[in-house]
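Okay, thanks for coming, everyone. Let me put the structure up and walk you through a few spots I picked out.

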Amino acid sequence: MILDPKELLDLDIVGIQYRKDGRTAEGVDCYGLVRLAIAYRGIDLPPDSTEMISIMKHRRMGRLLKWPCKLEPWDVLLMAKSIDSEIELVTHVALVVDNENALQAESHAGGVVLTRISRCEPTIRRVVRFYLP
């Protein structure tokens with residue numbers, strides 16, 4: 001299935017205010033943004049971002065790709081600090097719109113903004129690609 005990047009922008013989520021641990025259209029943090037958008041595609045992610053990868057693998061909802069890779073709309077960028085060669089601490093997530101842009105919820109920007117992926121590249125470690133309906 002070809003996923004239309006415009007579909008992401010049509011969700012009317014750009015401008016939702018930033019709220020720490022927010023999971024609704026009233027306010028979101030970075031994971032709340034991803035959870036809200038992915039729910040639009042019929043996938044219910046766990047409320048806590050630390051569970052996303054393990055549940056995704058267990059339920060075969062998608063796959064984890066190493067960065068760099070070819071990006072597709074709806075991919076989730078995982079930004080992380082390396083702890084060792086196997087374990088990384090995910091510090092931020094963003095949602096790919098197209099090859100150059102991603103949606104992010106940023107506290108310093110006050111909410112959900114469209115940003116250049118090149119801004120995130122130094123900290124991107126993995127990409128989650130969900131099997132979307």
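Which residues make the nonpolar surface patch of about 230 Å²? They're Leu 9, Val 14 and Leu 114. Keep in mind that this is a predicted model. With 44% relative accessibility, Val 14 counts as partly exposed.

Staying around α1, have a look at Glu 7, which sits in that helix. Glu 7 comes out as partly exposed too, at 22% relative accessibility. If we ignore neighbours within four places in sequence, Glu 7 touches Tyr 40, Arg 41 and Trp 74. And here's a pairing across the sequence: Glu 7 and Val 97 are 90 residues apart along the chain, yet their C-alphas are 8.9 Å apart in space.

Now, helix α2, residues 30–40. Eight of its 11 residues are buried, so the helix is largely enclosed by the rest of the structure. The buried ones are Cys 30, Tyr 31, Gly 32, Leu 33, Val 34, Arg 35, Ala 37 and Ile 38. What happens at the two ends? At the start of α2, a side-chain oxygen of Asp 29 comes to within 3.3 Å of the backbone nitrogen of Tyr 31. Just after the helix, Gly 42 has a positive phi of about 90°.

Arg 35 makes a salt bridge with Asp 44, with the closest N and O atoms 3.8 Å apart. Asp 44 itself is exposed, at 57% relative accessible area.

That brings me to salt bridges in general. How many does the structure hold? Seven. One of them joins Arg 129 to Glu 72, closest N to O 3.6 Å. That pair links distant parts of the chain, with Arg 129 in strand β8 and Glu 72 in the loop between β3 and β4, 57 residues apart. Arg 129 is buried at 10% relative accessibility, whereas Glu 72 is partly exposed at 37%. Asp 75 belongs here as well: Glu 72, Asp 75 and Arg 129 are linked in a network of salt bridges.

Last one: Glu 100 and Arg 116 meet in a salt bridge at 3.2 Å, N to O. Here Glu 100 is in the loop between β5 and β6, and Arg 116 is in strand β7, 16 residues apart. Glu 100 is partly exposed at 45%, and Arg 116 is partly exposed at 43%.

Okay, that's my tour.

Terms used: Residues numbered from 1 in each chain as written. Predicted model: local features only at pLDDT ≥ 70, side-chain atom pairs only at ≥ 80, totals over all residues. Heavy atoms only, no water. Patch = residues over 30% accessible without salt bridge, like charges linked within 9 Å, V, L, I, M, F, W, Y side chains within 5 Å. Areas by Shrake-Rupley, 256 points an atom, 1.4 Å probe, with all protein chains shown as cover. Salt bridge = Lys/Arg side-chain N within 4 Å of Asp/Glu carboxyl O. Buried < 20%, exposed > 50% of the residue type's maximum accessible area, 1.4 Å probe, protein only. Helix = DSSP H or I, 4+ residues; strand = E, 2+ residues; numbered from the N terminus. Polar contact = N/O pair within 3.5 Å; in protein donor to acceptor, adjacent residues only side chain to side chain. Contact = heavy atoms within 4.5 Å.
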